[in-house]
Protein chains: 2
Amino acid sequence: MRVTAFAGGVGGAKLIDGLAACLPPEDLTIIVNTGDDFNFLNLHISPDVDTICYTLAGISNPETGWGVINESWNALTNIKFLGGPDWFRIGDTDFGTHIERTRRLHNGETLSQITEQFCHAWGVKNVVLPMSNDPVSTITKTIDFGDLPFQDYFVRLKCDPVLKAIEFKGIYDAMPAPGVLEAISQAEVVIICPSNPWVSIDPIISINGILPNLIKKPAIAISPIIHGQAIKGPAAKMFTELGIEPSALAVADHYKEFINAFVLDREDLDLENDIGKLGITPFTTNTRMVSNESRVQLAKDVLNFCERIID
Amino acid sequence: MRVTAFAGGVGGAKLIDGLAACLPPEDLTIIVNTGDDFNFLNLHISPDVDTICYTLAGISNPETGWGVINESWNALTNIKFLGGPDWFRIGDTDFGTHIERTRRLHNGETLSQITEQFCHAWGVKNVVLPMSNDPVSTITKTIDFGDLPFQDYFVRLKCDPVLKAIEFKGIYDAMPAPGVLEAISQAEVVIICPSNPWVSIDPIISINGILPNLIKKPAIAISPIIHGQAIKGPAAKMFTELGIEPSALAVADHYKEFINAFVLDREDLDLENDIGKLGITPFTTNTRMVSNESRVQLAKDVLNFCERIID
């Protein structure tokens, strides 16, 4: 089964890791959010692309989900010592990735070319596609802190500011990166990973041409919210502050325009009926990925559900 | 005695280290060559400024003379792994310096402001002044490789290409950094460190306004060449390729316009007479700095010679 998956950062990377263990690499293409990309210390950081790639390369830090395992921190320690900003945590190996990516971007290479070459170096066999090579910046519009670039909101301010709205700056001019529309067209099913709907999946969906291609395809989403709580990150808080009670149902409703099926956790079994009423097929399983084994088990379950919606 | 010293990289840093051990910090100001500065991996590298500052901060690598002690190399290892250039060796802590400097330059701070702030952080009590905040690039014009930026010649090609000439690109537009002319005017004596005359000292001398101020002052140079050989680096090879037999005498001759005295090694005792004929007072001592003790001893000797030329 040819699968194209949409993914953001840590939560998405866990399911991607499971799917990669279940599918031959040529059958799994990943389209990754770049709305979180930002400039830090004059370096172009692509947090979600790196998290997905490090995970597939088997070098991600299992404790944090982001960054590289067995990191040293000498560059950032020195930067802090010299009075520079250190709120975005970059280890020394990770700095190498950002420095080399930034160098290539300055030389005129595109983010998708660079990602392909980095994946080749890391031995990642799957195709990993940034959603766009054009700049898109997720801006969190907050009550007390005004407009904040996403990483300022997410990392520097620890998601503390109260959200009013989210905006994807540059989205109307951003074209899908080469291969993105083809990856959707050629997929038998599109899997929306359990990433943050507002800031990881919405930017991908909002890129020119993606939604019209996506709605032609069977698509299944996995809830990032269990029992009204986000497994990780600010998704539930965002739903609340944007005036929606956070739940798996709210996520399914958010995606209803383009998904055929929705995977929710056993703890949310009571929501199956309401999800069905949205015209979406609900599937229930254990969606908490607390170990490598549970990543693979959820991937297997999701692929089984996919078989059922394709048939 | 108020001293202002002109210095390049590793050789200069050793004498600076000795002088700093002998003089109260307010009596030793260092003017540092920035002609070697270059862009590597989109970072602004100031090799000589860093070598001087790391040395004064007591964190330089004693084995290489450049870079930081106890370095890790994870960023550069990753950059190489990803296919990037690694011929200029930057350790992780050192990367922090370059990243933070580059960030501040992009924010509009000057190299001299940044150097002052970094020195403050490192606990360096001496004033360290880059010769200029304007871009000056030492270009080595070679027979087989054409025009090479200095670090390409020096580090990447290991000084292998045959020199035709040396050019300081930007020198006519470069103004002395704030404090440089004052440091010369206020000095009782100027010490020209045993740095490479062609690529470390000449750029400083060539900056607008420096020579007219320098010739008003007692000045003493220490030979970087002993017995026709450079202690370190390509100085002797440069003399030969530029048509001059390398020797302490050739260095004294090169500087004769602005020095009153010249320190040569005991091995070159036979050159004293010829140096005297140039109108320069020769002083002879052991100039090889093979240990911390010998750095301090040479500094003491040089300061004694200074007393004698000031009187």
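How many residues does helix α1 of chain A have, and how far does α1(A) reach from its first C-alpha to its last?

A: In this predicted model, helix α1 of chain A, residues 10-22, has 13 residues and reaches 19 Å from its first C-alpha to its last, which is close to the 18 Å expected at 1.5 Å a residue. The helix is mostly covered, with ten of its 13 residues buried, and those buried in α1(A) are V10(A), G11(A), G12(A), A13(A), K14(A), L15(A), I16(A), G18(A), L19(A) and A20(A). Within chain A, the buried residues of α1(A) pack against the strands β1 (3-7), β2 (28-32) and β10 (219-222), and also against the helices α2 (47-57), α8 (197-206) and α13 (292-310).

Turning to the contact between the chains, 26 residues of chain A are in contact with 26 residues of chain B. The elements of chain A that give two or more residues to the side touching chain B are α3 (74-81), α4 (92-106) and α5 (111-122), and α4(A) gives the most, with ten residues. By class, this side of chain A has ten nonpolar, 13 polar and three charged residues.

On the side of α3(A), the contact is made by N74(A), A75(A), L76(A), T77(A), N78(A) and I79(A), and on the side of α4(B) by D92(B), T93(B), F95(B), G96(B), T97(B), I99(B) and E100(B). The residues of this contact of α3(A) with α4(B) divide into five nonpolar, six polar and two charged.

How values were computed. Residues are numbered from 1 along each chain as its sequence is written. Chains are lettered from A and ligands numbered from 1 in the order in which they are written. This is a predicted model: local features need pLDDT of at least 70, side-chain atom pairs count only at pLDDT 80 or more; totals for chains, interfaces and linings use all residues. Two residues are in contact if their C-beta atoms, placed from the backbone, lie within 7 Å. Helices (H or I, at least four residues) and strands (E, at least two) are DSSP runs, numbered from the N terminus. Ala, Val, Leu, Ile, Met, Phe, Trp, Tyr, Cys and Pro count as nonpolar, Asp, Glu, Lys and Arg as charged, and the others, Gly among them, as polar. The expected span of a helix is 1.5 Å times one less than its number of residues. A residue is buried if 20 or more other C-beta atoms lie within 10 Å of its own, exposed if 12 or fewer, and partly exposed in between; C-beta atoms are placed from the backbone.
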